[in-house]
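I set out to record what I looked up in this structure. The entries are kept in the order in which I made them.

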Amino acid sequence: MLGFVVRRLIVSIIVLFVASVLIYFTVTSFGDPLGELRSRNPPVPEHVIEARRVAIGLDKPAHERYLTWASGVVRMDFGDTLQGQPVNELLWRRLQRTMRMVIASVVLSLVLAVGVGVLSATRQYSKTDYFFTFSGFLFLSMPVFWLAALLKEFAAIRVNQLVGRRIIYTTGSESPRLTGDFWDRMANYAGHLVLPTIALALISYAAWSRYQRSSMLDVMESDYVKLARAKGASRKRVVFRHGLRNALIPLTTVVAIDFGAVFGGAIITEQVFGWSAMGNLLIQGLRDYDVNVVLAWMMVTGVLVIVFNLIADLLYGVLDPRIRQ
Amino acid sequence: MTQPGMPSDRHDGPDTTLEDRDAPDPGVQPGMGHDVAVRTRSQRQLILRRFLQHRLAMVSLVLLLLLVAGSLIGGTLWRYDYAEQLPAFNEPPTWEHPMGIDDIGRDLFAKVLRGAQRSVQVALLVAFLSTTVGTIVGAIAGYYRGIVDSILMRITDLFLVIPSLAVFLLLARIVGGGWFQLALIIAAFFWMPLARIVRAEVLSLREKEYIEAARALGASDLRIIGRHLLPNAIGSIIVNATIVVAVAILTETALSYLGLGIAAPDTSLGLLVSEGQSAFKTRPHLFYWPGFLIITIALTVNFVGDGLRDAFDPRQKRVRQ
């Protein structure tokens with residue numbers, strides 16, 4: 001198991017390195033960070049543009065710039081933005097916010113997926129099953145941004161009216177200049193978190209619940225489950241102890257593969273709800289052709305995806321005793 | 001040379017009894033293709049019948065065809081052009097303008113038709129390109145093996161680490177907002193899953209005896225791949241193509257919504273949702289209709305794909321009889 005994890009880690013680091021090279025050279029050879037300056041009207045004098053070019057280091061050849069960037073990253077320094085601000089300053093605050101959303105929505109959609117999957121599988125071809133099958137397909141076919149915007153325009157206002165005060169917020173990740181004690185702050189975070197989390201979770205839950213349903217159906221057909229029933233174990237015990245424990249194993253892999261997609265979905269939900277977090281950083285970086293910002297996003301997200309994948313692999317070992325050696 | 005009943009003909013599984021009952025098709029050339037053609041035809045009929053009996057899939061197919069046809073030609077039939085500036089502006093829906101007029105005097109229904117056209121064009125082109133490339137690459141990789149496979153695996157590794165949406169955003173920013181370019185960059189990454197599926201099927205089929213027999217009879221590589229290997233993988237290829245249509249339309253609209261896909265003055269369903277959202281208080285229908293269109297297209301495509309999957313492989317039944 002340890003050997004497997006180490007091998008996975010080494011491959012992932014190589015992949016991350018290759019990705020950084022590809023992205024660096026794509027952005028620097030096709031995107032012109034000075035394009036905005038050049039296209040200004042009235043035109044900016046040539047020597048100003050030239051000075052700017054030197055200031056952001058564009059006078060050096062691309063491979064040299066890449067090496068400078070890479071040696072910085074090894075020391076956890078992602079360089080400066082085009083405006084001269086250190087990327088690190090921007091990064092950690094925003095990362096914290098994105099992680100809040102990603103973790104909350106992965107947890108929520110896992111709970112939903114397992115619950116719905118087990119329910120549909122144990123009642124195969126019932127009305128419940130058809131309902132969840134249909135709603136699963138519906139969420140699979142729904143654009144995240146549309147669902148998120150719908151929740152923002154509808155759900156928030158309804159709930160707030162119902163409660164009589166504002167508990168759900170629709171813009172931002174927390175109120176500006178947040179004061180109050182720990183619990184006030186947590187309530188404020190949660191109020192901002194609810195809708196983006198639901199939007200993101202509903203989209204990924206749809207596919208996961210389909211996997212959970214079919215793996216649960218497979219397991220419930222297997223001989224050891226029939227044996228457990230024949231020996232007189234209660235249905236509840238069979239479903240949860242014998243069935244679910246084994247049916248969770250395939251889901252672990254699916255979820256691990258989908259982590260990247262969840263981060264991708266977070267870009268969209270952050271944009272809908274006006275979060276100043278990682279997704280916003282990426283889009284701004286792409287608009288400006290700011291290679292340091294784009295790469296900081298890619299590297300941090302890449303490392304997180306790798307870490308989550310490792311956790312999933314380790315969980316796999318816990319769930320499946322056969323591969324524990 | 002023809003040897004009917006040779007094991008080489010029985011590549012479709014154990015139930016070869018129908019073979020003798022079907023009258024040979026006079027149009028089929030004698031020789032190797034003879035029995036195979038009869039078999040595939042009846043197999044095809046079985047699949048078609050299973051699909052036609054799948055009620056949800058049939059209803060979805062009809063609805064989908066209507067939507068696609070409406071999207072592709074609706075814009076030319078409607079009395080206003082999406083770019084035409086009318087004397088009025090900021091008008092609520094009327095009979096003349098079912099979705100009203102926007103703040104610079106354009107008919108909103110014409111805009112929605114145009115957006116639907118662009119989104120459907122992108123989705124169909126992506127499905128066509130990625131299916132063609134995926135099938136060819138998968139067949140070559142599976143038949144000749146070699147390095148193609150390891151390249152595919154490495155690119156897949158890359159996407160396990162970097163979210164594909166981010167890569168699409170990056171490329172969309174670089175190539176700009178044309179629908180054709182957008183379809184190309186999406187297709188450039190969507191063919192890989194299919195290539196791996198086709199490769200896996202070809203890899204296992206190429207060891208079968210009927211392939212050996214075909215080779216012994218002097219069939220060229222091209223004929224073996226085209227006549228004997230790919231027809232057996234057609235189920236996976238078609239089902240995958242439907243999934244690609246659904247995912248492609250969701251990807252394109254997401255890129256356009258984020259402002260890095262199809263850009264003004266052209267429009268797409270994603271861009272319209274984003275415009276509708278910013279005018280939600282005054283024109284909520286501009287938010288709803290493009291969204292409904294995206295969902296209906298993706299949902300019906302998914303149902304058709306599900307019905308096809310059931311028809312091609314009844315053991316994997318997922319929805320209903």
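**Conventions.** I worked from a predicted model, in which local features need pLDDT of at least 70, side-chain atom pairs count only at pLDDT 80 or more, and totals for chains, interfaces and linings use all residues. Residues are numbered from 1 along each chain as its sequence is written, and chains are lettered from A and ligands numbered from 1 in the order in which they are written.

**Chain A, overall.** I looked up the secondary structure and found twelve helices and zero strands in chain A; helices (H or I, at least four residues) and strands (E, at least two) are DSSP runs, numbered from the N terminus. Along the principal axes, the C-alpha atoms of chain A fill a box of roughly 85 × 55 × 40 Å. Of the 325 residues in chain A, 37% are buried (20 or more other C-beta atoms within 10 Å of the residue's own, with C-beta atoms placed from the backbone). I then took contacts in chain A between residues at least 6 apart in sequence, and 73% of them join residues at least 24 apart; a contact requires C-beta atoms, placed from the backbone, within 7 Å.

**Domains of chain A.** The assignment gives domain 1 (2-74) and domain 2 (88-324), with bounds from an automatic or database domain assignment. Their centres, taken over C-alpha atoms, are separated by 32 Å. I find 16 residues of domain 1 and 13 residues of domain 2 in the contact. On the domain 1 side, helix 1 (2-30) and helix 4 (62-74) each supply at least two residues, and helix 1 gives the largest share, eleven residues.

**A:Ser120.** I located A:Ser120 in helix 5 (residues 87-122) of chain A. Why does A:Ser120 count as buried? A:Ser120 counts as buried because it has 25 C-beta neighbours inside 10 Å. Leaving aside neighbours within four places in sequence, A:Ser120 is in contact with A:Thr128, A:Asp129, A:Phe132, A:Thr133 and A:Arg213. For A:Thr133, 13 residues apart from A:Ser120 along the chain, I noted a C-alpha separation of 8.1 Å.

**Chains A and B.** I looked up the interface and found 33 residues of chain B in contact with 39 residues of chain A. On the chain B side, helix 5 (147-161), helix 6 (164-175), helix 9 (221-257), helix 10 (269-278) and helix 11 (284-312) each supply at least two residues. Helix 11 of chain B contributes the largest share, eight residues.

Key
Contact = placed C-beta atoms within 7 Å. Buried ≥ 20, exposed ≤ 12 C-beta atoms within 10 Å, placed from the backbone.
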